[in-house]
Amino acid sequence: MTAVDKRSLRVQMFSRIRDQINPTVMAAAMLLLAFSISPFAALAFLTRRRPH
């Protein structure tokens, strides 16, 4: 049997990440994600073939 305070590695990692993430870091990560995806989306939009 295991003690009550023992947690799996997955649960322990998730709880540490959840407790240590700052909302500012999450906002910066979302901005970086948006800035990295937007050129590809613009390129796909501009280079799509239009039916004649």
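The expected span of a helix is 1.5 Å times one less than its number of residues. This is a predicted model, where local features need pLDDT of at least 70, side-chain atom pairs count only at pLDDT 80 or more, and totals for chains, interfaces and linings use all residues. Residues are numbered from 1 along each chain as its sequence is written, and side-chain values use heavy atoms, with hydrogens and water left out.

**View 1. Helix α2, end to end.** The protein has 2 helices and 0 strands (DSSP runs numbered from the N terminus; helices are H or I, at least four residues, and strands E, at least two). Helix α2 covers residues 23-47, and its 25 residues should span 36 Å, which agrees with the 36 Å between its end C-alpha atoms.

**View 2. The bend at Ser 38.** Here α2 bends by about 25 degrees, with Pro 39 following within four residues. That bend is the angle between axes fitted to the seven residues ending there and the seven starting there.

**View 3. Ser 15 in helix α1.** Ser 15 sits in α1 and is buried, at 9% relative accessible area (buried means under 20%, exposed over 50%, partly exposed in between; 1.4 Å probe, protein chains only). Its side chain reaches the backbone oxygen of Gln 12 at 3.0 Å.

**View 4. Ile 21, between the helices.** Look for Ile 21 in the loop between α1 and α2. Why does Ile 21 count as partly exposed? Its relative accessible area is 38%, and partly exposed is the range between buried and exposed.

Notes. Polar contact = N/O pair within 3.5 Å; in protein donor to acceptor, adjacent residues only side chain to side chain.
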